[in-house]
Amino acid sequence: MARKSSSNKRPNSTTGGGSPSGTSPLAETIANNLDLLSEILVRLPAKSLIQFESVSKHWMSLISSSHFSTTHSSRNPSPSVSGLYSYEISASDNSKRLNTVSFRGHRNLPSLTFLDGLRGNNDSKPVIQHSLNGLILLRHFDDGTTSYIVCNPTTKKCKTLPPGCFSKLPHLAYLAFDPSKSPHYKVVLISMYCVDVYSSHDASWGHVFVADIYFTNIKGVFWNGAIHWLSDGNGLMRFDVDAMEMIAIPSPTKPKILSSRKILYFGECGGRLVLAQFCSGFPMAFGLLELDKDYSGWSVKCRVDLTRLRSEFPEMHNLGYKFFGFRVLYVLKGEKEKDFVVVLAIPGRVISYKLRGKAWDVLPGLCPSASYDGGAYPFVETLFPV
């Protein structure tokens with residue numbers, strides 16, 4: 001049977017129901033049935049849906065609606081990470097320049113230039129503080145005033161949070177957001193004595209006073225409904241976002257958690273909290289540990305030896321480099337239990353290193369120099385409304 005040739009003509013959008021002209025009766029029925037169309041579109045990736053907004057006014061209205069965006073995010077709570085946003089510090093004026101690292105070939109991550117209109121009189125740019133499940137939290141300084149912005153790079157939508165009475169002390173800023181559990185996000189500001197929390201549910205700030213606490217210089221991680229930090233005693237500090245409570249968790253006796261200067265990475269991976277730390281006596285090796293869900297202790301998942309990789313990239317011998325030959329930017333979970341992918345920054349390159357099979361790829365984008373500070377913020381595609 002001969003195949004029918006397809007037309008190269010673009011379908012015209014109707015002004016009524018929104019279904020393209022020249023389509024079959026079945027296609028028109030689907031296009032005009034809001035519930036059925038929604039059920040089909042909600043299964044598609046966020047990036048495709050952004051493109052489909054141009055099909056018709058009907059489709060744009062549906063896809064851009066807050067209800068559809070929230071439903072899509074709850075149905076797709078764990079999209080894969082597409083890449084990383086990262087900053088390079090200028091050696092001339094110490095300013096930060098935003099770069100990206102793509103995990104999907106040369107496909108660029110969304111630009112954040114749509115935030116340029118939010119600049120103040122001093123022409124300052126908002127700076128990323130945290131990213132989580134497709135949303136990005138930025139801090140903006142303008143004429144001595146600090147404000148916070150939550151944005152979705154996929155949809156290019158943003159929201160400047162209302163002013164709050166948050167602590168004037170130096171603080172750390174985080175998102176708390178799990179679309180599989182709640183259609184709302186929170187912003188958590190941690191200072192030495194106080195925790196301030198903004199809730200998108202009622203667009204208001206709340207705060208709670210906490211005991212005098214000290215964290216290591218390793219950034220906190222949102223996992224299991226709480227922000228987690230490594231404490232000075234190598235235990236954990238856990239701030240339960242819903243209960244508004246800070247909880248100290250002592251360090252397990254085995255395996256031993258080393259001092260912060262020997263910890264290479266602390267983050268979430270595959271639904272678990274993971275930690276990478278140097279192996280004693282092996283400068284090119286580190287262990288990858290995973291925290292039990294009941295906080296009973298850490299389990300050693302694997303040992304990573306970069307000796308072979310170092311022979312491929314002699315620049316890793318440059319121990320005068322800021323991160324001593326390499327820095328762990330991100331850890332991705334593979335298909336099997338002990339299958340991980342480690343994203344490494346080395347002088348001039350970013351490398352994706354698969355522990356299973358010890359295969360590596362040079363990733364496009366960021367080329368770390370000696371001024372690279374190592375901060376990396378994962379990006380995933382989502383339609384979640386801000």
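# Briefing: a predicted 386-residue chain

The end C-alpha atoms of residues 34-68 lie 11 Å apart, and this span is 71% helix and 0% strand. Helices (H or I, at least four residues) and strands (E, at least two) are DSSP runs, numbered from the N terminus. UniProt, in an unreviewed entry, places the feature "domain: F-box" at residues 34-68; its positions are given in the numbering used here, feature names are shortened, and annotations may be inferred rather than shown by experiment.

This is a predicted model: local features need pLDDT of at least 70, side-chain atom pairs count only at pLDDT 80 or more, and totals for chains, interfaces and linings use all residues. Residues are numbered from 1 along each chain as its sequence is written, and side-chain values use heavy atoms, with hydrogens and water left out.

**The chain overall**

- The protein chain has 6 helices and 23 strands.
- Of its 386 residues, 45% are buried (under 20% relative accessible area; exposed is over 50%, partly exposed in between; 1.4 Å probe, protein chains only).
- Take the contacts (heavy atoms within 4.5 Å) between residues at least 6 apart in sequence: 47% of them join residues at least 24 apart.

**Nonpolar cores**

- A nonpolar core is a set of buried Ala, Val, Leu, Ile, Met, Phe, Trp, Tyr and Cys residues joined through side-chain atoms within 4.5 Å.
- The largest such core has 36 residues. F286, L306, M316, F326, V328 and L344 touch the most other members.
- Seven strands are listed as each supplying at least two residues of this core: β15 (263-269), β16 (272-279), β17 (282-291), β18 (298-305), β19 (327-333), β20 (340-346) and β21 (349-354).
- Strand β20 gives the largest share of this core, 6 residues.
- V328 touches L264, Y265, F286, V342, V343 and L344, leaving aside residues up to four places away in sequence.
- A second, separate core has 28 residues, including V188, L189, M237 and F239.

**The largest cavity**

- On a 1 Å grid over the protein atoms alone, a cavity is a set of points where a 1.4 Å probe fits but cannot get out. A pocket is an open set with protein on both sides within 12 Å along at least five of seven lines. Lining residues have an atom within 4 Å of a point.
- Grid points are joined across faces, edges and corners, and a volume is the space filled by probe spheres set on the points.
- The whole structure holds 1 cavity of 30 Å³ or more. The largest cavity has a volume of about 30 Å³.
- Its lining consists of R308, L309, E312, Y353, K358 and W360.
- Helix α6 (residues 307-312) gives the largest share of that lining, 3 residues.
- The lining of the largest cavity has 3 nonpolar, no polar and 3 charged residues. Ala, Val, Leu, Ile, Met, Phe, Trp, Tyr, Cys and Pro count as nonpolar, Asp, Glu, Lys and Arg as charged, and the others, Gly among them, as polar.

**The second largest pocket**

- This pocket holds about 460 Å³ of space.
- It is lined by 21 residues; Y87, L98, L112, K125 and P126 lie nearest its centre.
- Strands β1 (83-89) and β2 (96-102) are the elements that give two or more residues to the lining. The largest share, 4 residues, comes from β2.
- By class, the lining has 10 nonpolar, 5 polar and 6 charged residues.

**K159**

- K159 is in strand β6 (residues 157-160).
- K159 counts as partly exposed because its relative accessibility is 29%.
- K159 touches Y148, I149, V150, Y185, Y198 and V386, not counting residues up to four places away in sequence.
- The C-alpha atoms of K159 and P385 are separated by 9.6 Å, with the two residues 226 apart along the chain.
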